[in-house]
Amino acid sequence: MAPPGIGSSSQPYYPETEQVPNRKITVLDGGFATQLSCHVNDPIDGDVLWSSRFIATNPEAVIKAHLDFLRAGADVIITNTYQSDVDLYAKYLNITRDEAYNLIKKAVELAQIAVKRYQEEFPRNPEDGVAERNVAVSTEIPALLERNIVATSDEFRAPLGKGNVAERDVAISDEILALLGKNNLADQTSTNDLKNELVQSWSKILQEVRPLIAGSVGPYGASLHDGSEYTGSYARTTSAETMRQWHLPRIRALIEAGVDMLAIETIPCSLEAEMLVKLLKTECPGMKAWLTFSCSQDGKSIAVGEDFKEVARRCYSLNPEQLVAVGINCCAPRLVEPLIKGINTMPEAKTTATERKASGRQDEHTARIPLVVYPNSGENYDVEVGWIKRDKCEPVEQYVSKWLDLGVSWIGGCCRTYATDVAKIRNEVESWCRKNKEVR
Ligand SMILES: [Zn+2]
């Protein structure tokens, strides 16, 4: 059986609703603490350090939980650092701040070990994915060459899936562009050599493709362990600078340890979100990230009560170079559609980059937002009791095709979703991609 995961789906396609040319779908993992509970006996929910304690106390269980998600078909796994905090670690594990900092780095190492084990378990066949890429090489690029177009980077990046901006896509695109730069495209005699070189180069890059690791950056409210990331109440009493100083050590540790990107998640207020988006620019300009909000029950607001679509657009416009996607996590699946529907068909989102250039408008606020969605199971969390209303659980996979129709390109699960749920999400994504390909 072919291994799940990277490269087995994600053909470009053109959905009829909320079109996103060359969109690729990336499957994320599920609720880390949820899956971890399958490997540990100690309680996780209610612990002041939550699942982050287990980096110190049971690293093997952490690796196993990551591995479960990879086997289920996750393209990206998220580090177990949602609740990691240098001060909390120092206080509750009775260690120094330096040791606490290194513990955050260790969380990344555990994810890296899981990826390595996964690669050993499912070694890449040299032919895996080559067919898909050969199709692109054999159709898209020669087609452009035949038109004798001197390639612009946009023209070549588009068929190669740059729209998703995962690091591997950037690497692929840059590699191709470097090759193209070496060739005189007006010289048709070099076309065959160029094609051969492209195929060889692409095959080599494929061998290096692996699941990606996103460093979890939970909100300031998570350190207060009073559930306030779901209300955003601290936004009224905490300055952006206080939050910034709190966030910096963990972000530095995650990057130092080698994450591929950051998962800035469950953010309840625009104050913290905007601060983090700007912090990316100043403190870690080479790092990509997605940004997801915790939302209220009304289907239109983020937790603190601000309008989701407005805040999402504003945050994206502040840093479209580094944000691979903006969206929502850890809300009930039924709330996702009303929250995201229309965000990319708002009048200001309809113009393309080319149209804006032609009209002289360079306002990034009009750019289309790549969307990321990973809701919880629909159960409710009661700070006193724990997870309740299991009977209200809504299988996330039932919603997948609808969200993909609405333009989502990063999709997974949050609290109370297990690796088995990720496998179901993966299946839905695969079948949706097949169906849409047939439509084309
Ligand atoms: Zn969650």
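A residue is taken as buried if 20 or more other C-beta atoms lie within 10 Å of its own C-beta. In this predicted model, Leu-406 has 20 such atoms within 10 Å and is therefore buried. Leu-406 sits in the loop between helix 15 (400-405) and strand 10 (408-411). Its C-alpha atom is separated by 9.2 Å from that of Ile-343, 63 residues apart along the chain.

The strands form an open sheet of 8, in the order 1-10-7-6-5-4-3-2, with parallel pairing. Strand 1 (26-27) and strand 2 (76-78) stand at the edges. Each has a single partner strand, so one side of each lacks a neighbour in the sheet. Helix 5 packs on the sheet and touches strand 2 and strand 3 (212-217). The direction of helix 5 makes about 155° with that of strand 3. Helix 10 (residues 240-256) also packs on the sheet, touching strand 3 and strand 4. For helix 10, the angle with the direction of strand 3 is about 170°.

Strand 5 (residues 288-293) pairs in the parallel sense with strand 4 (residues 261-267) over 5 bridges. Leu-262 stands opposite Ala-289, and Ile-267 has Phe-293 as its bridge partner. Strand 5 also runs parallel to strand 6 (residues 323-329), to which 5 bridges join it. Here Trp-290 is partnered by Ala-325. Strand 5 is mostly covered, with 6 of its 6 residues buried. Lys-288, Trp-290 and Thr-292 point one way; Ala-289, Leu-291 and Phe-293 point the other way. From strand 4, the chain crosses through helix 11 (residues 270-283) to strand 5 in a right-handed β-α-β crossover. A right-handed β-α-β unit is likewise made by strand 5, helix 12 (residues 308-318) and strand 6.

The largest nonpolar core has 111 residues. Among those with the most contacts inside it are Leu-262, Trp-290 and Leu-291. Helix 5 (residues 97-121) supplies the largest share of this core, 10 residues. Beyond its neighbours within four places in sequence, Leu-262 is in contact with residues including Ala-214, Val-217, Ile-251 and Met-287.

Helix 5 has 25 residues, which at 1.5 Å a residue should span 36 Å. Its end C-alpha atoms are 36 Å apart, in agreement. Buried residues of helix 5 include Ala-100, Leu-103, Ile-104, Ala-107, Lys-106 and Tyr-118. Their cover includes helix 2 (54-57), helix 3 (59-72), helix 4 (86-92) and helix 10, together with strand 2 and strand 3.

Notes. Residues are numbered from 1 along each chain as its sequence is written. This is a predicted model: local features need pLDDT of at least 70, side-chain atom pairs count only at pLDDT 80 or more; totals for chains, interfaces and linings use all residues. Helices (H or I, at least four residues) and strands (E, at least two) are DSSP runs, numbered from the N terminus. A residue is buried if 20 or more other C-beta atoms lie within 10 Å of its own, exposed if 12 or fewer, and partly exposed in between; C-beta atoms are placed from the backbone. A nonpolar core is a set of buried Ala, Val, Leu, Ile, Met, Phe, Trp, Tyr and Cys residues joined through C-beta atoms within 7 Å. Two residues are in contact if their C-beta atoms, placed from the backbone, lie within 7 Å. Two strands pair if DSSP finds at least two bridges between them. Axes are lines fitted to C-alpha atoms, for helices over the stretch in contact, and angles run from 0 to 180 degrees between N-to-C directions. The expected span of a helix is 1.5 Å times one less than its number of residues. A crossover is right-handed if, with the strands pointing away from the viewer, the path from the first strand over the helix to the second runs clockwise.
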